[in-house]
Amino acid sequence: MHVSVVIPAKNEAEGLRGTLPALRQALPGAEIIVVDDGSTDDTAAVATGLGAKVLSSPYSMGNGAAIKRGARAASGEIIVFMDADGQHDPAHIRLLLERLEAGYDMVVGARSSAGQASVGRGAANALYNRLASWMTGHKIQDLTSGFRAVRAAKFREFLHLLPNGFSYPTTSTMAFFRSAYPVTYVPVEVARRVGTQSHIRPLRDGIRFLLIIFKIATLYSPLKLFAPASLGFAALGLGHYSWTYVTQGRFTNMSVLLLSAAVIVFLIGLVSEQITSLTYTRADGS
């Protein structure tokens, strides 16, 4: 299998000095693509000097945009995505490729709790994993890991779904499960990132990651989100009607509003389910 390694990088010159030589040693024949996402340091020069193919952006477009650009440019039938900051050990790529050879279409390097950037991030990721596991019916060990190997042709089917910012791992994982492409996980240890600059902003990205929870549901099976919400409104409506009937002997406007909301939310869920099905319908009708 011809392998391409795509590394999104923004101001990661220091990390690349260690990552690229180790990667070349682990996979001597691989195509290495570094997507420079509008860096202001020597990221592009370092990557070029170490023999990588560099795709440079005049300004920052986001991690997901870098992934999409790299996936389009990759010539390998297998694409490995990894970070530039030294957290991912290139020697672990062999573990991912072995699982692809076993018949999987996506293999994800799953971090342990010790590999999370912080306690808060670890708790958030645990919540995402539980929600995604409930939605898909499969145990998801690490929904947000950026270290993964995929079959290039199948990954490119979902490029239009991937966001330009963060959460491409979430979207791609759910898309593969939704399309019945087999996904598996390989436990890996991650190192502390090289450098001190993090591109995660707690407040801004905390809100963004909160939205991921709803995106997971609407991306995979909207009715699993809308049906419980509809039942909740229906229960409130019936409960309010029972209370007002017993105490006042009448059917109030609030009861009508809550019961109407239950019907509307359920119908929105049905429409969303149909839209989701059409989203994952390939051009050949499969």
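Predicted model: local features only at pLDDT ≥ 70, side-chain atom pairs only at ≥ 80, totals over all residues.
**Salt bridges**

Side chains of opposite charge can pair when their charged atoms come close. A search of the whole structure finds three such salt bridges.

| Pair | Closest N and O atoms |
|---|---|
| Arg 151 and Asp 105 | 3.0 Å |
| Lys 154 and Asp 105 | 3.0 Å |
| Asp 142 and Arg 111 | 2.7 Å |

Take Arg 151 and Asp 105, which form a salt bridge. Arg 151 sits in strand β6, while Asp 105 sits in the loop between α4 and β5, so their pairing ties together parts 46 residues apart in sequence. Asp 105 has 5% relative accessibility, so it counts as buried. Arg 151 is partly exposed, because its value is 23%.

Lys 154 also forms a salt bridge with Asp 105. Lys 154 belongs to helix α6 (residues 152–156), so this pair ties together parts 49 residues apart in sequence. Lys 154 counts as partly exposed, because its relative accessibility is 25%.

Asp 142 pairs with Arg 111. Asp 142 lies in the loop between α5 and β6, and Arg 111 lies in strand β5, so the bridge ties together parts 31 residues apart in sequence. Both Asp 142 and Arg 111 are buried. Shared partners join Asp 105, Arg 151 and Lys 154 into one network.

**Helix α10**

Helix α10 covers residues 253–279, which makes 27 residues. From first C-alpha to last, α10 reaches 38 Å, close to the expected 39 Å. Which residues of α10 are buried? Among them are Leu 258, Ala 261, Ala 262, Val 265, Gly 269, Ser 272, Glu 273 and Thr 276. An α-helix has 3.6 residues a turn, so residues three or four places apart point the same way.

Terms used. Residues numbered from 1 in each chain as written. Heavy atoms only, no water. Helix = DSSP H or I, 4+ residues; strand = E, 2+ residues; numbered from the N terminus. Expected span 1.5 Å × (residues − 1). Buried < 20%, exposed > 50% of the residue type's maximum accessible area, 1.4 Å probe, protein only. Salt bridge = Lys/Arg side-chain N within 4 Å of Asp/Glu carboxyl O.
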